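Hi everyone, thanks for making time.

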Amino acid sequence: MNKNIALLALLFVVSLTASAQVKLGLKFSPSLNNSRTFLPSDTIDVEPVNGLFKFSLGLIADMELTNTYFLSSGVMVVPKRIGIDIRPENSGSFAPSTQYFDLQYVQIPATLKLFTNEILPDGSMYFQVGGAADIKVFEQPVEEEYGFIGDFSSFDLTVVFGGGFEYQAGLNTALFGGITYNRGLTNVVKTTQSALNDFSIRTSVLMFDIGIKF
């Protein structure tokens, strides 16, 4: 079902380009994945494993509102790797462990992109702010024997901040590079295989963007 929703989102972006002045592009983003964990427990300590590396890619669409303001959307494939260190408090009875989970989302951003005037010939800086809906299409533990987390939620909402530099390489071609920070707002843990119902994970992704627009 989530894959069908992602397909409908792609069709929506394509239909948007047919009714407005939109520039399409491709973006490739090496990404660092971080997590924030919360568990009110006196027996178990769970800490995130941060700095995990993944690659994101997808289609972007910038719709012109004015010469310097653009509504930016698209469809991105955003893999996330979540790692957690599980330790007993006060020399508890179970063995410590580190567990990793691979998740894959289709992300539909809705952001405002603001461009400066040219600071170099044919080159401008841009700043980006908004939000995004992340639809989970895949999840898998790296090792099958993991038992702390049962399932992950189907959706995540993120706040998006970013900036970069865009160079007009030709009449209809632009190259850009920048950094985008996605900060998750919702708990991505749906169920745990223990009685720890208050355990939560919120994700953060730092993307190093490289792309081209046509």
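Which residues make a nonpolar surface patch of about 550 Å²? They are Phe28, Phe53, Phe55, Leu57, Val77 and Ile210. Before going on, a word on what you're looking at: this is a predicted model, where local features need pLDDT of at least 70, side-chain atom pairs count only at pLDDT 80 or more, and totals for chains, interfaces and linings use all residues. Residues are numbered from 1 along each chain as its sequence is written, and side-chain values use heavy atoms, with hydrogens and water left out.

Back to the patch. Patches are made of residues with over 30% relative accessible area and no salt bridge, with like charges joined within 9 Å and nonpolar side chains (Val, Leu, Ile, Met, Phe, Trp, Tyr) within 5 Å. The areas come from the Shrake-Rupley method with a 1.4 Å probe, and for residues only the protein chains shown count as cover. Strand E3 gives the most to this patch, with 3 residues. Strands, by the way, are DSSP runs of E, at least two residues long, numbered from the N terminus. Phe53 sits in E3 and is partly exposed, at a relative accessible area of 46%. For that scale, buried means under 20%, exposed over 50%, and partly exposed in between, with a 1.4 Å probe and protein chains only.

Now for the spaces. On a 1 Å grid over the protein atoms alone, a cavity is a set of points where a 1.4 Å probe fits but cannot get out, while a pocket is an open set with protein on both sides within 12 Å along at least five of seven lines; lining residues have an atom within 4 Å of a point. Points are joined across faces, edges and corners, and a volume is the space filled by probe spheres set on them.

The structure has 1 cavity of 30 Å³ or more, and the largest cavity holds about 170 Å³ of space. Its lining has 19 residues, and Lys27, Ile60, Ser72, Pro109 and Gln128 are the closest to its centre. By class, that lining has 8 nonpolar, 8 polar and 3 charged residues. Here Ala, Val, Leu, Ile, Met, Phe, Trp, Tyr, Cys and Pro count as nonpolar, Asp, Glu, Lys and Arg as charged, and the others, Gly among them, as polar.

The largest pocket has a volume of about 370 Å³. Of its 19 lining residues, Lys23, Asn67, Phe70, Glu166 and Gln168 lie closest to the centre. Strand E8 gives the most to this lining, with 3 residues, and the classes are 4 nonpolar, 8 polar and 7 charged.

Last, the charges. How many salt bridges does the structure hold? There are 10, each being a side-chain nitrogen of Lys or Arg within 4 Å of a carboxyl oxygen of Asp or Glu.

Take Asp62 and Lys213, whose closest N and O atoms are 2.8 Å apart. This pair joins strand E3 to strand E11, 151 residues apart in the chain. Asp62 is buried at 0% relative accessible area, and Lys213 is buried too, at 2%.

Asp102 counts as buried at 15%, whereas Arg81 is partly exposed at 25%.

Conventions: Helix = DSSP H or I, 4+ residues; strand = E, 2+ residues; numbered from the N terminus.
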